[in-house]
Amino acid sequence: MRTMDNRPVEEDPFVDPVRHGPHQRPIEDSTLIAGRTASLTLGTDSLIVLESKTTHAIPFYNILWAELSEFEISIQYARPTAANVVRVSTINYPLEKPDHPRAVSWVERLLDRAYGEAQRKKRIKLLINPFGGKGKAQKWYLRDVEPILAAARCEVDLQKTQYQGHAVEIAQNLDADAFDVIAACSGDGLPYEIFNGLGKKLDARRALRKVAVVQLPCGSGNAMSWNLNGSDSPSLAAVGIVKGIRTPLDLVSITQGDRRTLSFLSQSVGLVAEADLATEHLRWLGNARFTYGVLVRLLGKTIYPCDLAVKVEVATKPEIREHYRRALNYRSLPDDRRDSASFQQADQPQHNIGLPRLRYGTINDELPEDWNFVPYDKLGNFWCGNMACMAPGTSPFPAALPNDGCMDLVTVDGDISRLTAIRCLLAVETGTFFDMPHVNYRKISGYRIVPKNQKDGYISIDGEKMPFEPFQAEVHRGLGTVLSKSGHVYEGAGVVSKSVDTTG
């Protein structure tokens, strides 16, 4: 487990800011005297604990809860115990009874600072895939996750999935008014099922807006957690859920034959799909199985002919970079980052009849006239992403945004030299993939892909194998909801520095 973009220590929310950065001088009203030997002060970004001989700080992000009894204050927080691991710890201090009214106000200010935009005491429907993480998902939940959710006073309704597709049924029958969050203690397969289950509800648009879908990473593929939390650590992801900010998420409708499903992560045809799905028997290799699958096909210069039509929204890399730069600055209310017409209707019972209508029709309809049609006789890779990161250190869609109403499409020709193809593969991990000249990168709102001259092959939707036949995709801005650290961008480097002022 490691930080996705190798952030320096000072950017880590679990680092003591007293020792690693300046903080403003605390004001008197922010200090609570605890007994005769200690004081608790609300600093700039941390709770400063001053005892008779020591001073230490607890970042507000780590504070899980605080409460008063008649003569004592108790504060529970997530304490780092190892690299990318936190455990619940508690500090208790006595209070003089005359200080109790002031302490009540001080505790409320502490919780305000600790939670910010995040909702307190979330009501969570939690699904565990007992087969996830090689059968260790339940163990990891009990050890790494449950204590953190309990300390944060979250209400948890736990249920184990019993078979493939069970999470679809659970989400479809979920009382959306009874829960704020539905959490998947699993890999990426369970979130895929949850989104599709919510999408089957009669009030699908309302349910997808109201109930945030999150991942507690306990599977072989944990891309959702990497994008929203910047980690595949179950304990850090649990803190991320406790402190997560409601974030609208674009979802993608996939129509294939007479079926319509939802995608939240990515779709692939060709090299990536085959390297993933055709190496299932090599899962014992871990993340290396995907690299092995890609290299075998690159060296063989495998091609995947198809016809492709796309609705382009942002065409060039400089324009995409500017599009991303603007998104870093734009912080609106969550519902302002959704398809307004669709969600105004979702609040009206007479319109609350499932998913939004398809603007571009289905795979069985005529191709929209304003789409760009391109025959690809030597396609090497077709990869379309809704999130930036697909695996640790692998961000093929660095310009992806949670709710810009676009998918990020990458295509690479299959007849480039083996050396160039290998350089493209390595560039994904070094963060230079976006700028590679052989990488065609566009932001689009819809596409249709028709494989040709192949009897069989692989199509992957969010890591799930689909029939090898034509399909069409269309994005719905902000149709879903997740919890993220920022509320508006994914974790990771992006295509514009997040550490500088981009307001120009």
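Predicted model: local features only at pLDDT ≥ 70, side-chain atom pairs only at ≥ 80, totals over all residues.

Me: Start with α14. How many residues does α14 have, and how far does it reach?

Reply: Helix α14 covers residues 418-430, which is 13 residues. From its first C-alpha to its last it reaches 19 Å, close to the 18 Å expected at 1.5 Å a residue.

Me: Which residues in α14 are buried?

Reply: Thr 420, Ala 421, Cys 424, Ala 427 and Val 428 are buried. They cover an arc of only 115° around the axis, so they sit on the same side of α14.

Me: And which are exposed on the other side?

Reply: Leu 419, Leu 426, Glu 429 and Thr 430 are exposed there.

Me: What follows α14?

Reply: Gly 431 does, and its phi is positive, near 85°.

Me: Is Cys 218 buried or exposed?

Reply: Buried, with a relative accessible area of 0%. Cys 384 also counts as buried, at 0% relative accessibility.

Me: Last one, Ser 225. Where is it?

Reply: Ser 225 is in helix α8, residues 223-229. Ser 225 counts as buried because its relative accessibility is 1%, and buried means under 20%.

Me: What is Ser 225 in contact with, leaving aside neighbours within four places in sequence?

Reply: Its contacts are Gln 215, Pro 217, Gly 230, Ser 231, Asp 232 and Ala 237.

Key
Residues numbered from 1 in each chain as written. Heavy atoms only, no water. Helix = DSSP H or I, 4+ residues; strand = E, 2+ residues; numbered from the N terminus. Expected span 1.5 Å × (residues − 1). Buried < 20%, exposed > 50% of the residue type's maximum accessible area, 1.4 Å probe, protein only. Arc of directions from axis to C-beta. Contact = heavy atoms within 4.5 Å.
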